[in-house]
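Here's a quick briefing on a ligand site and a few charged pairs. Have a look at the model first, then read on.

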Amino acid sequence: MSDPAPDLLELRGVSKHFGSFRAVDEVSFTVRPGARHAVIGPNGAGKSTLFGLVSGTLPASAGSLLLDGRDVTRLPVHRRVGLGIAATFQHSSLFLPETVLENVLLAALRRAGAGAGRGPAGRRRAGARAAATAQARTLLERVGLPTRHDLPAAELSHGERRQLEVAVALATEPRLLLLDEPAAGMSPAETERLTKLIAALPEEVTVLLIEHDLDMVFELADTVTVMHLGNHLTTGSPDEVRASAEVQSAYLGTTEVSS
Ligand code: ADP
Ligand code: MG
């Protein structure tokens with residue numbers, strides 16, 4: 001038997017304390033390359049806080065985070081983006097007055113800028129912009145917004161904004177894509193389209209997904225982590241998690257884990 005591939009992401013006893021309150025309390029689990037890994041748990045479980053620790057928007061109080069075995073715990077957000085971690089947030093981070101295309105383009109150009117070498121600056125910038133524009137158009141098509149390029153992002157519907165956020169995140173060419181409740185507030189048709197989009201992402205993009213819509217979770221995920229009150233309850237296959245009595249009791253009175 002060959003060795004299993006090394007983990008893309010490893011969380012080792014990661015904690016986030018707000019004063020004496022432990023929003024995330026010594027959470028450990030791993031995410032393998034190519035995974036469709038969901039994080040579920042009742043409101044207040046610490047899921048979004050955990051994503052903040054992985055993306056770098058929140059400093060960890062304790063523990064460590066490894067990307068490809070490299071300790072990234074103390075790296076700022078932009079360095080983590082450079083290493084391939086991209087996130088969409090529960091609360092939108094779009095530039096609403098800018099056009100749909102410009103939102104994706106800005107992210108693609110930031111990525112190109114991060115990797116650009118030396119050379120005549122003007123020509124290089126024009127070339128980078130043309131390449132990034134083509135990439136942005138392709139991404140907008142992929143997320144299902146092929147005819148909306150010139151509208152201000154503010155004019156998109158709620159569901160379209162979430163699609164645009166995914167395109168913006170993909171424009172940074174992530175290896176690890178963090179999606180925090182991407183289907184929140186979406187219509188069933190929009191949720192269905194988003195589910196297909198995530199399912200169709202190439203395997204090089206590992207997905208870590210927080211989602212309340214458990215139908216979407218169990219349709220997409222190959223691995224599920226359950227959090228409750230800041231603690232890691234379990235990580236396992238969708239079937240294992242569905243069958244877990246501990247998970248059932250954590251959800252009692254909030255959301256049912258249905259099949
Ligand atoms: P989830 O995403 O699972 O619903 P969160 O990670 O948003 O949960 O929040 C976990 C807990 O941490 C909640 O009780 C929340 O009120 C608390 N929390 C989150 N951010 C802060 C903060 N900046 N200061 C204090 N408490 C916070
Ligand atoms: Mg949340």
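Helices (H or I, at least four residues) and strands (E, at least two) are DSSP runs, numbered from the N terminus. With that in hand, β2 (21-31) and α1 (47-55) each supply at least two residues of the shell around ligand 1. This is a predicted model, so to speak of local features takes pLDDT of at least 70, side-chain atom pairs count only at pLDDT 80 or more, and totals for chains, interfaces and linings use all residues. Residues are numbered from 1 along each chain as its sequence is written, chains are lettered from A and ligands numbered from 1 in the order in which they are written, and side-chain values use heavy atoms, with hydrogens and water left out.

**Around ligand 1**

- The residues surrounding ligand 1 (a heavy atom within 4 Å of it) are Phe18, Phe21, Ala23, Pro42, Asn43, Gly44, Ala45, Gly46, Lys47, Ser48 and Thr49.
- α1 gives the largest share of that shell, with 3 residues.
- By type, the shell splits into 5 nonpolar, 5 polar and 1 charged; here Ala, Val, Leu, Ile, Met, Phe, Trp, Tyr, Cys and Pro count as nonpolar, Asp, Glu, Lys and Arg as charged, and the others, Gly among them, as polar.

**Atom-level distances to ligand 1**

- On its own, ligand 1 has 560 Å² of accessible area, and the protein covers 59% of that (Shrake-Rupley method, 1.4 Å probe).

**Salt bridges**

- There are 9 salt bridges in the structure, each being a side-chain nitrogen of Lys or Arg within 4 Å of a carboxyl oxygen of Asp or Glu.
- One of them pairs Glu102 with Arg129, with the closest N and O atoms 3.7 Å apart. Glu102 is in helix α3 (residues 100-115) and Arg129 in helix α4 (residues 121-142), so the pair ties together parts 27 residues apart in sequence.
- Lys196 and Glu192 form another, at 3.8 Å from N to O. Both belong to helix α6 (residues 188-199), 4 residues apart, about one turn of the helix.
- Lys196 is exposed at 55% relative accessibility, while Glu192 is partly exposed at 36% (buried is under 20%, exposed over 50%, partly exposed in between; 1.4 Å probe, protein chains only).
- Arg242 and Asp239 also form a salt bridge, with their closest N and O atoms 3.4 Å apart.
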